[in-house]
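Here is a briefing on a single predicted model. Please look over the sequence and structure first, then read the points by topic.

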Amino acid sequence: MLAVILAGGYGKRLRPYTDDVPKPMIPVGDKPILEWQIEWLKKYGFREIILLVGYRKEKIIEYIGSGSRLGVRVTYVVEDEPLGTGGAIKNAEHVLSRNGTFLVINGDIITNLNPLKLVEKLEGSRYLGVIASIPLPSPYGVLEIEDEDRVKGFVEKPQLSDYWINAGVYALNPEALRYFPEKGDLEKTTFPAMARDGVLGTVRYTGVFWKAIDTFKELEEASRAIHEIFHESPQPLRRRE
C-alpha cells in the first residue's frame, strides 16, 4: 500500500530548530517526526512511501535515503518552489494517478490512529476522499460546576466531543486529484470543493493519541509521551479484495 507524506514544510514557529532542517526532521524523543511516521505506517502494512519534499530536502534525503534501513521503499517528489499542501500533492500526480487508493499524511503530526479504517471506509463508499477527524482538544482546563457556584472538579484539557477537527491523515482515490490546485492549500481549496460535491467523508477517531507539532510546548509534550504511545503493536485490519 502507498502512503504520501507532506514533508516540505518550513516550520517557522519552531525556529531556530527549523533554520537548518525541515519541520518533519525535528526530533521527537530520539527520532525525527518523519521516522516515527514511517514506523507507524509500516506497522499497518504501508511499505511504499512517497515523500513530497522542498525546503531543506537534502536533509531528508540524506537521513532517509532509499528507506531500506527502515524497511520501506521511498520515492521523492520535489517542489522547486512552495506550492502549498494541495499543490505539492498535485505536483506528484504523475506518480499518484497510476495507483489505486493512497494515504496522505501531514508531515508534522504524531499519532497512533489506525489509518486502514480510512482505506476501508473509502473503498466501501462513493467518496473520493476520507478524512480522519478527532474531537477538538481544549487548550485549557475545564471546571465542573454544580449548584450554580460549587466547583465539583477540574478536567485538564478535555476533548470537546461536539466539535471535530481535521487530523491531517487522508485516504484518497486518484480521481480526487482533479480537485487539487497547481498551487494552494488543500484545506482551503480541495476539501471545501469536494465537500460541496458530496464526495468527501470522514472517520471519527476517539481514544487515540494525536499531536500536531506546531509549537515548542507540543514538541515537549510529544517527546514525553512518544515511547509509551508506540509501545504496543497494532493489529491491522484486513483490506477488502
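**Briefing**

Arg 13 sits in the loop between strand 1 and strand 2 (27-28). Helices (H or I, at least four residues) and strands (E, at least two) are DSSP runs, numbered from the N terminus. This is a predicted model: local features need pLDDT of at least 70, side-chain atom pairs count only at pLDDT 80 or more, and totals for chains, interfaces and linings use all residues. Residues are numbered from 1 along each chain as its sequence is written, and side-chain values use heavy atoms, with hydrogens and water left out.

**Arg 13 and its surroundings**

- Arg 13 is exposed, with a relative accessible area of 62%. Exposed means over 50% relative accessible area, buried under 20%, and partly exposed in between (1.4 Å probe, protein chains only).
- Arg 13 touches Asp 214 and Phe 216, leaving aside residues up to four places away in sequence. Contact means heavy atoms within 4.5 Å.
- Arg 13 and Ile 213 lie 200 residues apart in sequence, yet 9.8 Å apart in space, C-alpha to C-alpha.

**Helix 7**

- Helix 7 (residues 216-229) has 14 residues and should span 20 Å at 1.5 Å a residue; its end C-alpha atoms are 19 Å apart, which agrees. The expected span is 1.5 Å times one less than the number of residues.
- Helix 7 bends by about 30° at Ser 223. The bend is the angle between axes fitted to the seven residues ending at a residue and the seven starting there.
- Leu 219, Glu 221, Ala 222, Ala 225, Ile 226 and Ile 229 of helix 7 are buried.
- Cover for the buried residues of helix 7 includes strand 2, helix 1, strand 7 (109-111) and strand 13 (210-212).

**Helix 1**

- Eight of the 11 residues of helix 1 (residues 33-43) are buried, so the rest of the structure largely encloses it.
- The buried residues of helix 1 are Ile 33, Leu 34, Glu 35, Trp 36, Gln 37, Ile 38, Trp 40 and Leu 41.

**Strand 6**

- Five of the five residues of strand 6 (residues 102-106) are buried, so this strand too is largely enclosed by the rest of the structure.
- Strand 6 is covered on both faces: Phe 102, Val 104 and Asn 106 are buried on one side, Leu 103 and Ile 105 on the other.
- Strand 1 (residues 2-6) pairs with strand 6 in the parallel sense over five bridges. Pairing requires that DSSP finds at least two bridges between the strands.
- Val 4 has Val 104 as its bridge partner in strand 6.

**Nonpolar cores**

- A nonpolar core is a set of buried Ala, Val, Leu, Ile, Met, Phe, Trp, Tyr and Cys residues joined through side-chain atoms within 4.5 Å.
- The largest core has 50 residues; Ile 5, Leu 41, Leu 51, Leu 103, Ile 105, Leu 118 and Val 169 have the most contacts inside it.
- Helix 1 gives the most to this core, with six residues.
- Leu 41 touches Ala 3, Ile 5, Phe 46, Ile 49, Leu 103 and Ile 105, not counting residues up to four places away in sequence.
- A second, separate core of 26 residues includes Ile 50, Val 77, Phe 180 and Val 199.

**Aromatic pair**

- One aromatic pair turns up in a search of the whole structure. Rings of Phe, Tyr and Trp (its six-membered ring) pair if their centres lie within 6.5 Å; planes under 30 degrees apart count as stacked, over 60 as edge-to-face and the rest as tilted.
- The ring centres of Tyr 170 and Phe 191 are 4.9 Å apart and their planes at 65°, so the pair is edge-to-face.
- Tyr 170 counts as buried at 1% relative accessibility, and Phe 191 at 6%.
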